Amino acid sequence: MDGQIRVQPCLRPHRTPITGQPVASPHQFPLDGRGWYFPVRRRWRSWASVPCCAAWAVRVTLRLGSYRRRGRRRTCCKGLASMGLEDLSVVMGENVSKDVWSALRRGISPFSVSLPQKQLAALRALDSDMESLLREDAVDSLTVMESEAEAQGAQKTLKYLLRLHDGLAVESVLIPLKSSPVKTATTVCISSQVGCAQGCRFCRTGDMGLLRNLSSEEILAQVVQGRRIARELNLPEVRKVVFMGMGDPLANIQSVRTAVAALSDSFRMAIGRKRLQVSTVAPTPAQVMQMAGMRCGVVWSLHAANDALRAKLVPTAKHTIRDLRNAFMELLKAGGGVTPDRRLLVAVVMIAGVNDDEEHARELADFLRPMYAHPDVGIALNLIPYNPNPGQEEFCTSDYRTMLRFREVVNEELPLLGIHLRRTRGAAGSAACGQLATPKKTSARLCKE
Ligand code: SF4
């Protein structure tokens with residue numbers, strides 16, 4: 001049978017699946033506690049007396065069969081993104097497991113490297129959706145354009161589109177950066193949902209509405225494809241990943257958590273946790289707290305420091321910014337205080353005449369003061385020029401002088417606060433912040449044909 005797994009002696013510590021307590025004598029339970037946690041069904045309980053590895057292997061084999069029969073639906077089976085090196089080693093052997101993750105790290109599809117036939121079949125059975133996501137024709141390069149002025153001294157921003165198995169598509173962006181003559185790296189900006197339910201008034205993705213959440217494999221595939229494209233175009237290596245594309249990551253926290261674990265793991269995608277950022281409007285305080293334990297930086301898209309104005313910009317905002325601020329402070333304190341990756345980055349999209357005058361700057365400084373003054377909470381501020389979109393004629397980008405003055409006023413109040421005035425990249429090709437959107441299902445299918 002395809003996907004059959006060789007049973008090896010199990011030397012790992014064993015724990016009960018429910019309580020996680022170590023078991024005195026191994027081979028009593030059908031599951032171990034290392035992350036291989038298939039839901040225990042009533043009909044499996046009789047397996048409790050069978051040696052655990054044998055039971056586990058047979059169950060995986062059966063599950064792979066049913067997985068294939070169900071026509072590639074992955075709801076019941078873990079995919080590659082959820083599998084650590086050790087987990088995959090159990091299925092494929094340690095060396096092959098290392099090869100698979102090493103290929104993904106370099107932006108190569110592991111389905112295209114020469115693996116032993118059996119392992120290749122097992123890999124396909126485990127995650128055949130991933131195979132189609134990693135194929136070269138799953139990606140369309142949409143835009144490589146920036147205006148000449150923008151492109152001077154920097155390589156061009158590239159927007160690409162990943163086609164999903166159901167005819168939908170998501171956009172991601174490669175942003176090569178040159179911080180010094182010798183220091184170059186590419187940042188990949190990825191999406192967590194197709195569309196977005198938050199409906200921010202200045203964002204094109206918000207205009208789309210939410211079509212669906214992405215799976216962790218679909219999130220991971222964007223990074224792998226980004227690395228492949230960067231290598232083929234001789235761009236600097238992809239070293240930074242930001243969840244600032246389509247969707248709010250907290251609205252799809254399970255997939256994002258799994259993807260972040262795979263990206264930050266040094267044995268898998270090996271993105272440094274300081275170079276991994278998750279950006280959110282923070283729908284609720286409870287959702288903010290769900291980020292506890294994730295190995296990444298956090299960006300809060302605040303946009304305005306008073307509730308009335310924020311509700312106009314982010315119409316789905318239901319909680320006061322004070323409640324959300326308290327949740328972020330709790331989150332940072334729970335993470336063990338200030339470390340580079342536990343610093344909160346507060347983002348404000350600067351819109352002319354809406355949120356960019358001196359009064360707004362003072363209001364923002366007052367709002368940030370409790371976090372600024374707290375010894376265990378680190379913050380920084382990011383000012384992002386608004387990027388124009390069709391249908392949003394009421395908004396204009398703040399001019400550079402206004403943004404400089406805004407920064408000065410905040411710095412007068414909070415002298416040690418790091419404030420970064422972000423330069424727009426990719427606006428000419430609609431690849432900048434708030435400009436990502438894809439056609440709906442039917443038109444995406446037509447494009448494909
Ligand atoms: S800015 Fe972010 S959260 Fe708001 S609609 Fe756009 S993608 Fe969603």
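Helices are DSSP runs of H or I with at least four residues, and strands are DSSP runs of E with at least two, both numbered from the N terminus. The model examined here is predicted.

**Exercise 1. Overall composition**

Task: State how many helices and strands the protein chain has, and what share of its residues count as buried.

Solution: Begin with the secondary structure: the protein chain contains 15 helices and 12 strands. Next, consider burial: of its 449 residues, 42% count as buried. Finally, turn to the contacts between residues at least 6 apart in sequence; 65% of these join residues at least 24 apart.

**Exercise 2. The largest nonpolar core**

Task: Identify which residues of the largest nonpolar core touch the most other members.

Solution: This core has 106 residues, and those touching the most other members are L162, V260, L263, W300, V346 and V348. Helix α8 (residues 216-232) is the element that gives the most to the core, contributing seven residues. The core also draws on both domains, with at least three residues from each of domain 1 (1-132) and domain 2 (137-448). To examine one member, take L263 and set aside its neighbours within four places in sequence: L263 is then in contact with V223, V241, M269, I271 and L276.

**Exercise 3. The surroundings of S97**

Task: Determine whether S97 is buried or exposed, and which residues S97 contacts.

Solution: First, locate the residue: S97 lies in helix α3 (residues 94-105). Second, apply the cut-off, by which a residue is buried if 20 or more other C-beta atoms lie within 10 Å of its own. S97 has 23 C-beta neighbours inside 10 Å and therefore counts as buried. Third, list the contacts, leaving aside neighbours within four places in sequence: L85, L88, S89 and M92. As a further distance, the C-alpha atoms of S97 and D87 are 8.7 Å apart, with 10 residues separating the two in sequence.

**Exercise 4. Positive phi values**

Task: State where N234 and A282 are found, and whether each counts as buried or exposed.

Solution: Most residues other than glycine have a negative phi. N234 has a positive phi, near 55°, and is found in the loop between α8 and β7 (238-243). The cut-off for an exposed residue is 12 or fewer C-beta neighbours; N234 has 8 inside 10 Å, so N234 counts as exposed.

A282 likewise has a positive phi, near 65°. Its place is the loop between β8 (276-280) and α10 (285-289). Because A282 has 25 C-beta neighbours inside 10 Å, A282 counts as buried.

Notes:
Residues numbered from 1 in each chain as written. Predicted model: local features only at pLDDT ≥ 70, side-chain atom pairs only at ≥ 80, totals over all residues. Core = buried A, V, L, I, M, F, W, Y, C linked by C-beta atoms within 7 Å. Domains from an automatic or database assignment. Contact = placed C-beta atoms within 7 Å.
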